[in-house]
Amino acid sequence: MEILVVINIQHLGLQRSQKFQIFFVWTSTVAPTHKLKTSLFSQGPSIFHPPIRIPFPNPPSTLPEAQVSDGSIPIIDLEALHGPSRPEIVKQLGQACQLQGFFAVKNHGIPRPTVDSIFDTTREFFHQPKEERMKFYTPDPNSDIRLMNAYKDEVANVYVARESLKFHCHPVEKYVDKWPTNPPSFRKSAAEYLTNVRRVEITLLGAISESLGLETDYIEKKLGGHYVSLNYYGACEESNLELTYGVRAHTDPTIITILLQDEVPGLQALSEGKWMDVNPIPDTVVVHVGDLLQAISNHRFKSLVHQAMVNCEKERMSIASYCYPSSDAMIGPPEKLIDSDHPAVYKDFTFKEFSEQMWKVISFDDARLNSFKCSAA
């Protein structure tokens with residue numbers, strides 16, 4: 001099993017301080033004899049260089065085939081966290097993080113007009129001419145805002161269809177002037193949604209901390225910035241559907257990720273060895289455990305393997321909000337979670353060290369954490 005690694009660099013003598021972009025793409029089990037219609041790949045400029053192939057440490061073939069679970073997603077009532085039922089809701093949330101790795105949140109308090117507006121704005125942005133969207137393309141992964149294009153994996157002969165606009169967003173006033181002005185609604189719509197989702201994030205992190213037996217603000221104290229991805233998945237031609245992905249299976253290198261879905265299905269989560277359709281539930285957001293929360297919880301909570309599929313009938317959109325710590329935040333498990341029955345799984349490490357390691361260890365899953373495991377773990 002191999003992966004395709006595509007690197008965009010300016011100089012071959014690469015130093016760690018130099019800015020560069022690297023894309024990791026699995027070769028899948030798709031038979032190479034299948035051919036995709038070239039019209040599917042006519043959008044966007046080619047920004048890829050010849051691939052470098054290296055062994056994948058955890059082959060995707062260990063993941064199950066497209067076998068769908070009939071399980072249901074836990075639903076957490078955020079409003080109830082502010083009332084006498086808080087202890088019970090905290091317990092439910094902890095169980096969801098431990099057993100499923102994800103849950104839906106209802107009564108989150110994000111106004112419906114705000115949700116409608118961010119989806120309308122996202123749609124308008126990605127429906128703009130390519131030249132307008134490409135103003136935000138940059139090969140610099142450290143840029144405060146950047147466009148990521150859909151692309152074809154020439155080796156596996158599949159198409160990864162997601163287009164996304166990723167940008168820093170907290171505090172809003174620090175970054176808003178760097179956001180698009182087309183469509184004209186962009187800055188206002190994004191600021192309103194992201195201010196609301198930050199409130200949801202803080203509330204959830206407090207409850208998650210309590211579910212671990214920690215102080216309410218334990219995780220909040222570690223927070224740094226906030227990053228968001230506006231995701232667009234165009235409808236796929238039916239003849240190409242078998243060979244087209246939205247996003248392939250991965251975990252997120254975050255504390256938690258908060259995902260707002262439109263009404264079109266597409267998200268799948270790995271649950272008990274099977275792919276589970278996480279269909280949109282009106283007026284909810286989906287929250288899942290990231291790699292860093294797995295480390296903080298001493299592996300009590302497991303980061304969620306998930307992927308996105310496309311369909312041949314409707315375009316799909318989602319808004320992913322990524323919760324990250326500050327660069328100097330210590331991520332290892334607190335002493336409260338370590339005892340003779342629960343020895344430390346991970347050493348103490350900073351988010352900066354974790355980020356640097358991500359460029360050295362090529363992985364789409366929690367193997368990113370292996371370098372920080374205790375020797376006895």
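**View 1. Glu-210 and its partner Arg-86.** Let's start with Glu-210, which is partly exposed at a relative accessible area of 25%. Here buried means under 20% relative accessible area, exposed means over 50%, and partly exposed is in between (1.4 Å probe, protein chains only). Glu-210 makes a salt bridge with Arg-86, with the closest N and O atoms 2.7 Å apart; the term stands for a side-chain nitrogen of Lys or Arg within 4 Å of a carboxyl oxygen of Asp or Glu. Arg-86 sits in helix H1 (residues 86-99) and Glu-210 in helix H5, so this pair ties together parts that are 124 residues apart in sequence. Helices (H or I, at least four residues) and strands (E, at least two) are DSSP runs, numbered from the N terminus.

A word on what you're looking at: this is a predicted model, where local features need pLDDT of at least 70 and side-chain atom pairs count only at pLDDT 80 or more, while totals for chains, interfaces and linings use all residues. Residues are numbered from 1 along each chain as its sequence is written, and side-chain values use heavy atoms, with hydrogens and water left out.

View 2. Glu-201 and Arg-198 both belong to helix H5, 3 residues apart, or about one turn of the helix. Their side chains meet in a salt bridge (3.0 Å, N to O). Glu-201 is buried, at 1% relative accessibility, and Arg-198 is buried too, with a relative accessible area of 13%. Elsewhere, salt bridges with shared partners link Arg-112, Asp-116 and Asp-283 into one network.

**View 3. Glu-132 meets Lys-135.** In this salt bridge, the closest N and O atoms of Glu-132 and Lys-135 are 2.9 Å apart. Glu-132 counts as buried at 19% relative accessibility, whereas Lys-135 counts as exposed at 57%. Searching the whole structure turns up 13 salt bridges.

**View 4. Phe-167 in the largest nonpolar core.** A nonpolar core is a set of buried Ala, Val, Leu, Ile, Met, Phe, Trp, Tyr and Cys residues joined through side-chain atoms within 4.5 Å. The largest one has 85 residues, and Phe-167 and Trp-179 touch the most other members. Helix H5 (residues 186-211) gives the most to this core, with 11 residues. Leaving out residues up to four places away in sequence, Phe-167 touches residues including Asp-144, Trp-179, Phe-186, Leu-194 and His-226; contact means heavy atoms within 4.5 Å.
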